[in-house]
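The sequence and the model come first.

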Amino acid sequence: MFQTLYSYFWWERLWLPANLTWADLEDRDGRVYAKASDLYITLPLAFLFLVVRHLFETYVATPLAGLLNVKEKVRLKATPNAVLERFYAATSKHPKQADVEALSKKSGCTVRQVERWFRRRRNQDRPSLLKKFREASWRFTFYLIAFIAGMAVIVDKPWFYDLREVWKGYPIQSMLPSQYWYYMIELSFYWSLLFSIASDVKRKDFKEQIIHHVATIILISFSWFANYIRAGTLIMALHDSSDYLLESAKMFNYAGWRNTCNNIFIVFAAVFIITRLVILPFWIMHCTVFYPLDLYPAFFGYYFFNFMMVVLQSLHIFWAYLIIRMAQKFITGKVVEDERSDREETDNSEEEEEVAKNGPLSNGHPVLNNNHRKTD
């Protein structure tokens, strides 16, 4: 059974153009080709990345956060309450008004106290500013190094300047050592991101992030199996070109350097839109969709590779929408924030109590105009 599935999976017609077999891609005459077994090393490398990340965040990112004066917000803890905690854990973190009133009766708290308890409890579960800074620092470091390394791998190659060279002689294209290590490191890193996604900072696009990581891993792996290495290196370098800018903007945002953050974000937005919405679809995808058909008839691998490219492009359009929304806020003079992050909920309990007694406050003093009430 296993042997049958294995044979179907590695059927040449799935991976290679017509009239070619795996025997055509065996090492000979000084030529070295990509092999599926090469990718086994990426799993232990992914766990090594997790170890390196832990050491980096502890001994590099944390001291750097101190130098940049990354300050944590003071969070008021929710008073222990078994009734409210049970509802929070088992039912909902955002109770409806009817639930709040029912919980008020069960717990012996007022409606306002129940609402305040849930705000504080949700804030307790939100990741700390230091955790966000450390995570952004790690990704910034990797993406910057990966982008520099990727450019070093491809900048002197003819297919960097003429995309028709990507398919010249395909699939009989020998693999270079630099291409091997570029692939292994990139794939290992994305495996590590997938392994750590449950413990990383969760944002509103959590599901899209999972889809992105899985699609990237499949795309990198498939391009390796099918010897789409030249196209693969171009795509990876193109993606790394903007990612390090976003992570650096996050770092300065967490450090409170608003002007620096906003300036970097504008550069990032321009690079992202140019690379992901212009160069990728109109140059790279044009190269992968049309140029191969001049050499061989379409086969399953051709369709599969380009389908995964469409999945990635769809995610790019989604993220471009969020980026444009943030850019609009910047243009209108508002502070640029990550649209994917949940905002910290304010909790001015003492002020709320004063409001209940004396009406709205202005700088700590009651105001006479009581037409507008402070809302939670």
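## Helices, cores and surface

Leu55 is part of helix α3, which spans residues 42-67; helices here are DSSP runs of H or I with at least four residues, strands are runs of E with at least two, and both are numbered from the N terminus. The model is predicted, so local features need pLDDT of at least 70 and side-chain atom pairs count only at pLDDT 80 or more, while totals for chains, interfaces and linings use all residues. Residues are numbered from 1 along each chain as its sequence is written, and side-chain values use heavy atoms, with hydrogens and water left out.

Leu55 counts as partly exposed because its relative accessibility is 43%; buried means under 20% relative accessible area, exposed over 50%, and partly exposed in between (1.4 Å probe, protein chains only). Leu55 belongs to a nonpolar surface patch of about 550 Å², together with Leu48, Val51, Val52, Tyr59 and Val60.

Helix α5 (residues 97-107) has Val100, Leu103, Ser104 and Ser107 buried. These residues lie on the same side of α5, because they cover an arc of only 110° around the axis, taken from the directions from the helix axis to the C-beta atoms. Ala98, Lys105 and Lys106, on the other side of α5, are exposed. The buried residues of α5 pack against α4 (82-90) and α6 (111-125), where contact means heavy atoms within 4.5 Å. Gly108 follows α5 and has a positive phi, near 80°.

A nonpolar core is a set of buried Ala, Val, Leu, Ile, Met, Phe, Trp, Tyr and Cys residues joined through side-chain atoms within 4.5 Å.

| Core | Size | Members include |
|---|---|---|
| Largest | 73 residues | Val166, Trp167, Trp224, Tyr228, Ile284, Met309 |
| Second, separate | nine residues | Ala78, Val100, Leu103, Phe118 |

The members named for the largest core touch the most other members. Helix α12 (300-331) is among those that each supply at least two residues of this core, and α12 gives the most, with twelve residues. Not counting residues up to four places away in sequence, Met309 touches Leu219, Ile235, Leu280, Ile284 and Met285.

Overall, the chain has 13 helices and two strands, and 45% of its 376 residues count as buried.

Technical notes: Patches are made of residues with over 30% relative accessible area and no salt bridge: like charges are joined within 9 Å, nonpolar side chains (Val, Leu, Ile, Met, Phe, Trp, Tyr) within 5 Å. Accessible areas come from the Shrake-Rupley method with a 1.4 Å probe; for residues, only the protein chains shown count as cover. A salt bridge is a side-chain nitrogen of Lys or Arg within 4 Å of a carboxyl oxygen of Asp or Glu.
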